[in-house]
Amino acid sequence: MMKEVVIVDEAAMNRALTRISYEIIEQNKGIDDLVIVGIKSRGIYLAKRIAEKIKKIEKVDLPVGELDITLYRDDCHKSQLDQEVVVNGSMMPVDIQGKTIILVDDVLYTGRTVRAALDAIMDFGRPKRIKLAILVDRGHRELPIRPDYIGKNIPTANTEEVSVHVIEMDGKDDIALKKMN
């Protein structure tokens, strides 16, 4: 049985997103040619929040894209592909050629989701650079993926699970850790 414990509340989660937003502005020396791209599903809501925070600071709307990586995942086996795969579609509001992409997701674990997202982005064009913004980095990488912006480092065991809840999907904002009893 899994017991879920809230480890980051709504206020701390909001502060982490605010800090990431300021770091994006600072490290990119402004917001020229930036495109924020969220990985479905929770990454999209986090991307929109970061874009909104940057808008309040810089008084400029940033384009926000949505990336569905379902068909790019390396953990879909042939037996799973025989079944109907649900693809919700990706949306890129601008041409990304020569732009800096800020790729946003909720939790970074093995790095396989980010690898799939990189493949998906390349189907839209060749950006100048791609930077990674993660709300929670829990470690345990299987691929050489490193985030540029991190909301919270939460070291975990492989037997634990980190759940990011966003109000748009879950009715609440927090980060919880599930442990085996």
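In which loop is aspartate 95 found? The views below are of a predicted model, in which local features need pLDDT of at least 70, side-chain atom pairs count only at pLDDT 80 or more, and totals for chains, interfaces and linings use all residues. Residues are numbered from 1 along each chain as its sequence is written, and side-chain values use heavy atoms, with hydrogens and water left out.

**View A. Aspartate 95 in the loop between helix H3 (78-81) and E4.** Helices (H or I, at least four residues) and strands (E, at least two) are DSSP runs, numbered from the N terminus. Aspartate 95 is exposed, at a relative accessible area of 54% (exposed is over 50%, buried under 20%, partly exposed in between; 1.4 Å probe, protein chains only). Its side chain reaches the backbone nitrogen of glutamine 97 at 3.1 Å. The C-alpha atoms of aspartate 95 and arginine 126 are separated by 9.4 Å, although the two residues are 31 apart along the chain.

**View B. Threonine 110 in the loop between strand E4 (100-108) and helix H4 (112-122).** Threonine 110 is buried, with a relative accessible area of 15%. A polar atom of the threonine 110 side chain lies 3.3 Å from the backbone nitrogen of arginine 112. Leaving aside residues up to four places away in sequence, threonine 110 touches His140, Arg141, Glu142 and Leu143 (contact: heavy atoms within 4.5 Å).

**View C. The crossing of helix H1 (residues 10-27) and helix H2 (residues 42-58).** The two axes come within 9 Å and cross at roughly 60°. Residues of H1 in the contact include Met13, Leu17 and Ile24, and those of H2 include Leu46, Ile50 and Ile57.

Key
Polar contact = N/O pair within 3.5 Å; in protein donor to acceptor, adjacent residues only side chain to side chain. Axes fitted to C-alpha atoms, helices over the stretch in contact; angles between N-to-C directions.
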